[in-house]
Amino acid sequence: MNASPTEELDFEIRASRNPVPADARAQLLTDPGFGRVFTDHMATIRWSEAKGWHDARVEPYGPIALDPAAQVFHYGQEIFEGLKAYAQPNRSVAAFRPHANAARFNRSAARMAMPELPESVFVRAIELLVEHDRDWVPTADGHSLYLRPFAIATKVGLGVNHPSSDYLFTLIASPVAGYFGGEVKPVTVWLSEDYTRAAPGGTGEAKCGGNYAAAFAGQQQAVDHGCDQVVWLDAAQRQWVEEMGGMNVCFVYGSGSDARIMTPALTGSLLPGITRDSLLKLGPDLGIPAYEGKLSVAEWRSDCASGEITEVFACGTAAVITPIGAVRSAGGDWMIGDGTAGPVTSLLRDELVGIQYGRKADRYGWMHAIA
Ligand code: PLP
Ligand code: COI
């Protein structure tokens with residue numbers, strides 16, 4: 001179900017007649033939290049077997065009416081992305097690596113037997129929505145406009161012999177502060193040994209809603225144990241660290257000029273994070289070798305005890321770079337370093353965030369200027 005990569009679509013613009021008034025918007029922007037506040041518009045595009053992608057619009061944000069027998073409700077054929085747009089010092093707005101999200105969206109689409117969307121259309125939807133809702137792009141320190149593109153199966157019918165013949169792509173935008181609250185403070189993670197997130201041959205490397213639905217029970221256990229996030233182990237041997245509920249994980253070995261970072265290799269069952277990929281490039285630029293590897297829970301624990309692992313952090317669009325201070329599990333708890341944010345974590349965070357907010361040189365051309 002490949003769409004032609006050169007396909008272009010004209011978006012019809014239907015401006016909201018009831019945009020949030022400026023003073024109410026300013027109030028909402030003071031403390032937006034994460035994914036609670038939404039802008040005035042959304043972008044939508046429909047797909048059918050007969051027409052391909054068509055009926056592209058920017059329209060007022062609002063409920064979507066669907067038949068109760070639409071396939072997404074029953075068989076969960078859904079994919080999504082997450083990326084951010086940032087206010088720049090020159091008052092423009094730029095999105096971080098939107099083409100990488102477009103490419104991952106299409107890899108997810110292929111895995112879920114859904115039609116691919118030309119990258120140019122994915123990025124155009126982002127440009128148009130951000131242009132129309134640019135007053136919603138936060139300027140407060142550490143805030144940004146989180147963009148959530150997603151696609152759902154809308155064919156009416158309960159048969160499962162074929163994937164849906166109709167889909168709806170939608171892009172919504174949400175001004176956000178930090179995912180774990182205002183300041184950057186270390187989080188505590190829970191090792192999930194009862195549940196796994198993704199198995200070989202499954203959908204772990206696709207960004208589909210079902211992965212997150214299946215993860216809630218483990219995430220709830222994490223919360224019940226006083227933790228912020230769940231850490232997933234591989235499904236086959238239940239010993240190799242894969243990733244977290246909504247972010248990848250990086251381990252810092254050594255310190256000072258000997259420091260190096262390792263992130264679990266992409267085995268097919270973890271999400272290929274764009275932040276993770278960016279850090280594999282930025283680490284070496286800062287003199288910190290970065291590589292993909294493999295770490296068991298037993299090694300994680302013993303390497304923390306011996307001091308070989310000095311820092312561990314989570315990385316992702318929502319998480320940015322968040323230090324991990326301690327690990328809890330049914331078999332015992334351990335600290336990472338002294339439980340505070342380490343220097344390598346802080347250095348990488350400053351570099352990444354500096355590029356995203358236009359304060360540091362964008363050596364790789366990652367920032368896509370929009371408005
Ligand atoms: N792993 C999972 C399960 C995620 O949901 C995310 C977030 O998108 C990530 C990793 C990090 O990916 P990215 O850096 O592209 O946001
Ligand atoms: C993101 O970082 O974009 C995510 O998808 C994580 C989470 C909010 C699901």
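This is a predicted model: local features need pLDDT of at least 70, side-chain atom pairs count only at pLDDT 80 or more; totals for chains, interfaces and linings use all residues.

Reader: What area is buried between domain 1 and domain 2?

Author: The chain is divided into domain 1 (12-176) and domain 2 (187-356), with bounds from an automatic or database domain assignment. Contact (heavy atoms within 4.5 Å) links 20 residues of domain 1 with 19 residues of domain 2. Buried area is the accessible area (1.4 Å probe) that two parts lose on being put together, summed over both. Carbon and sulfur atoms give 58% of the area buried here, which is about 1700 Å².

Reader: Which residues of domain 1 lose the most area to domain 2?

Author: Three residues together account for 35% of what the domain 1 side buries. They are Phe80, Phe96 and Arg104.

Reader: Where does the largest pocket lie?

Author: A pocket is an open set of points on a 1 Å grid over the protein atoms alone, with protein on both sides within 12 Å along at least five of seven lines; a cavity is a set where a 1.4 Å probe fits but cannot get out, and lining residues have an atom within 4 Å of a point. Grid points are joined across faces, edges and corners, and a volume is the space filled by probe spheres set on the points. The largest pocket has a volume of about 650 Å³, and of its 31 lining residues the closest to its centre include Tyr179, Lys207 and Tyr212. Both domains give residues to this lining, so the pocket lies between domain 1 (12-176) and domain 2 (187-356).

Reader: Which element gives the most to the lining of the second largest pocket?

Author: The second largest pocket has a volume of about 490 Å³ and is lined by 27 residues, with Val320 and Arg349 among those nearest its centre. Helices (H or I, at least four residues) and strands (E, at least two) are DSSP runs, numbered from the N terminus. β5, β16 (320-328) and α9 each supply at least two lining residues. The most, five residues, come from α9.

Reader: Why does the largest cavity lie between the two domains?

Author: The structure holds one cavity of 30 Å³ or more, with a volume of about 90 Å³. Its lining includes Leu83, Phe96, Ile274 and Leu352, and β5 gives the most, with three residues. The cavity lies between the domains because residues of its lining come from both domain 1 (12-176) and domain 2 (187-356).

Reader: Is His143 buried or exposed?

Author: His143 is placed in the loop between α4 (119-132) and β7 (144-153). Leaving aside residues up to four places away in sequence, His143 touches residues including Leu29, Pro138 and Tyr357. Buried means under 20% relative accessible area, exposed over 50%, and partly exposed in between (1.4 Å probe, protein chains only). At 11% relative accessibility, His143 therefore counts as buried.

Reader: Which residues does Glu127 touch, not counting residues up to four places away in sequence?

Author: Glu127 is in helix α4 and, at 15% relative accessibility, counts as buried. Its contacts, with residues up to four places away in sequence not counted, are His368 and Ile370.

Technical notes: Residues are numbered from 1 along each chain as its sequence is written. Chains are lettered from A and ligands numbered from 1 in the order in which they are written. Side-chain values use heavy atoms; hydrogens and water are left out.
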